[in-house]
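Hi,

Here is the structure I promised to pass on to you. Have a look at it first, and then read on for what turned up.

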Amino acid sequence: MTSEAPRHLHPAAIVVVAVRSSLQLFGGIVLVAIVRGSGPGTTAALALAGIAGGALMGYFGWRKTTYWIDGPALHFRSGVFTPDEKIVPSARVQGVDTATGPLQRAFGVVELRVQIPGASDADEIVLSAVTHEEAARLREALGQPAPAEPDELLRLGMRDLLLAAATGPQISVALSALAGVYALFNNVIDFEKDGEGLIARLDTAQEIAIGVAAVLFAAYVLAFLAAIVVFSGFEVRRDAGVLRIRRGLFQRRATTIPLARVDGIVIVEGLARGPLGLAALRIESAAHGSEKAAGRTLLPLVRRPEAEAVIARLVPSLAVEPGALERPPPRALRRFVLVPSLAGLVVGGAFALVLGAAAAWIAAPVLALLGALVGLRGYRAAGVRMAGSVVVVREARLARRTLLARRHRLQEHALRRTPLQARAALADLRVTVGSGGQGRARHLERGTAEAAFAALRRAA
Amino acid sequence: MITDVRPEPENPLPDGALKMWRWEALISALVLFAIALGIAMGVSALMPWLPLAAVAVGVPQAIVLPRERHRRWRWALHEQELDIVYGIWEVTRTIVPITRIQHVSVQRTGWTDTFGLVRLHVHTAAGTTTIPGLAPAQADDVRDRILARLQTPDDL
């Protein structure tokens with residue numbers, strides 16, 4: 001193969017980068033102006049300067065960004081002041097993904113992301129605007145299979161999308177967003193002065209409770225909307241040995257994962273989803289280990305009884321015959337329950353001591369009981385099973401997780417016991433997949449754990 | 001019950017590792033004691049028991065833990081896998097299949113040199129497994145044996 005002349009991105013990249021960077025500059029400038037109490041004229045001038053700066057960055061960034069295919073490698077040169085050239089052999093390319101935002105759609109171009117195993121998001125090569133034809137050409141040149149007629153195709157319907165968003169685990173994301181908003185307010189308004197008044201007004205326990213509930217509800221609504229944005233139009237298809245996943249409301253993302261690189265799938269039954277008989281499916285793959293949760297989702301929502309069948313359709317190498325897990329014996333129950341109950345008791349006691357109110361001591365038994373329930377849940381979930389070339393490990397902490405992993409792709413497996421477990425002839429089994437994700441079955445019958453350990457070793 | 005679990009690995013860590021852990025434990029115990037003493041004398045005279053507590057924690061930590069840790073540590077490199085056993089309270093036996101190993105590194109620091117040791121890190125896609133002390137010749141041998149078996153196709 002021969003080297004080709006360096007190419008520029010589609011000129012739409014100027015606009016994409018200009019808008020992106022001027023939004024950043026614009027936001028920062030306006031915030032500074034508001035905080036410093038500048039007049040509207042100054043603010044507008046600063047904002048215009050921000051937009052102009054963004055446009056310049058867009059233009060020069062485009063001028064200085066080139067890429068070309070040279071034999072078996074992709075070269076990518078970028079950077080205005082410190083040009084930097086990345087070279088990726090096509091054999092190392094994990095997938096060529098696209099992310100198409102509203103701007104790119106308006107220009108009829110796509111953003112191409114070249115996935116390299118082990119690279120963080122920052123190290124990915126991102127071509128912010130190329131035409132569809134150019135994308136197809138690059139994909140072919142980098143040895144990526146072109147989309148074919150799918151063997152399997154699953155779409156997330158509107159009803160399931162709403163259900164997934166309503167029961168999602170993204171609540172923590174919303175909480176951190178709220179923390180950000182709070183920090184912003186803290187900077188903008190004089191919290192010392194206004195805040196004390198606010199707290200003074202919230203003087204009764206009832207009002208504080210209402211405030212907390214309002215914050216939680218707002219967080220929930222934010223999480224709901226975030227999930228809708230991320231998972232809208234979710235679609236997963238399998239064709240010619242790869243999984244193709246498309247999702248997103250404003251920015252459409254298309255991800256490709258070779259089936260050969262899928263180490264396992266986790267069936268996650270979250271606290272809200274479990275009781276409703278729902279679960280999410282997550283991909284364990286070394287190439288996508290560093291991705292955020294959304295990027296590793298095989299399906300945001302599935303009926304729990306259908307989960308194994310759906311996995312078998314999408315990832316045939318993880319198909320398992322239905323069967324029962326090897327469970328911990330009844331004498332293991334107290335080992336599951338004891339530690340979380342004691343932890344609840346201690347935390348509750350500490351809470352009561354700090355608060356110093358007699359009524360607060362109720363927290364100790366309540367938290368101990370909650371701990372006991374968590375332990376019971378762990379006991380009821382724990383189990384392991386060898387199903388042909390697949391190992392199934394189930395555990396529960398807060399969410400119940402069932403890991404289906406290809407045995408010969410396990411990164412390591414371990415047997416663990418404390419002297420107390422040894423005395424009771426119990427042991428823990430732990431398997432580790434490529435993304436660093438683990439499946440752990442605790443307090444198994446020692447013989448069961450050792451047999452599984454030995455079987456895994458033969459597979460490895 | 002089926003127990004065709006292979007016998008546990010047999011190679012202990014060299015005596016230098018025990019010596020190194022003893023020194024590390026001794027130093028950390030001394031630091032702990034110094035901090036406790038500092039608090040008791042300088043910050044709050046109300047805590048005369050703090051240095052005593054530090055001694056009560058530090059002495060067993062320096063004497064018992066390194067010995068137990070060393071007694072438990074065992075490793076073996078088999079045809080197909082690296083097999084290690086470690087842990088004082090939780091005793092863990094971990095198998096790392098050689099085909100999954102991405103690279104091996106041998107780490108020397110001034111501190112490990114003092115005890116005639118090196119550390120061997122085995123990296124997989126999931127993380128790093130470390131043998132905390134080996135004689136340099138031993139480590140080179142392990143590394144070469146692993147690398148000799150790594151002539152596998154490029155895969156994760």
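Let me start with a side-chain pair in chain A: Q421(A) and D428(A) make a polar contact through their side chains, at 2.8 Å. Please keep in mind that this is a predicted model. Q421(A) belongs to helix 12 of chain A, which covers residues 419–423. Is Q421(A) buried or exposed? With a relative accessible area of 5%, Q421(A) is buried, because the cut-off for that is under 20%. If you leave out the neighbours within four places in sequence, the residues in contact with Q421(A) are R335(A), R416(A), L426(A), A427(A), D428(A) and H443(A).

Next, the rings. Searching the whole structure gives five aromatic pairs over all chains. One of them is formed by W73(B) and Y86(B), which are stacked, with 5.8 Å from centre to centre and 25° between the planes. Why is this pair of interest for the fold of chain B? W73(B) is in the loop between helix 2 (49–72) and strand 1 (74–77), while Y86(B) is in strand 2 (residues 81–86), so the pair ties together parts that are 13 residues apart in sequence. The two partners have these accessibilities: W73(B) counts as buried at 5% relative accessibility, and Y86(B) is partly exposed at 26%.

In chain B, R69(B) lies over the face of W21(B), and the distance to the ring centre is 3.9 Å.

Finally, chain B as a whole. Chain B has four helices and six strands, and along the sequence they come in the order α-α-β-β-β-β-α-β-β-α. The radius of gyration of chain B is 20 Å, well over the 15 Å that the globule rule gives for 156 residues, so chain B is more spread out than a compact globule. Along the principal axes, its C-alpha atoms fill a box of roughly 65 × 45 × 30 Å. Of its 156 residues, 38% count as buried. Among contacts in chain B with a separation of 6 or more, 50% are between residues 24 or more positions apart.

Best wishes

Conventions. Residues numbered from 1 in each chain as written. Chains lettered and ligands numbered in written order. Predicted model: local features only at pLDDT ≥ 70, side-chain atom pairs only at ≥ 80, totals over all residues. Heavy atoms only, no water. Phe/Tyr/Trp six-rings, centres within 6.5 Å; stacked < 30°, edge-to-face > 60°. Helix = DSSP H or I, 4+ residues; strand = E, 2+ residues; numbered from the N terminus. Buried < 20%, exposed > 50% of the residue type's maximum accessible area, 1.4 Å probe, protein only. Lys NZ or Arg CZ within 6 Å of the ring centre and 35° of its normal. Polar contact = N/O pair within 3.5 Å; in protein donor to acceptor, adjacent residues only side chain to side chain. Contact = heavy atoms within 4.5 Å. Rg over C-alpha atoms; globule rule 2.2 N^0.38 Å.
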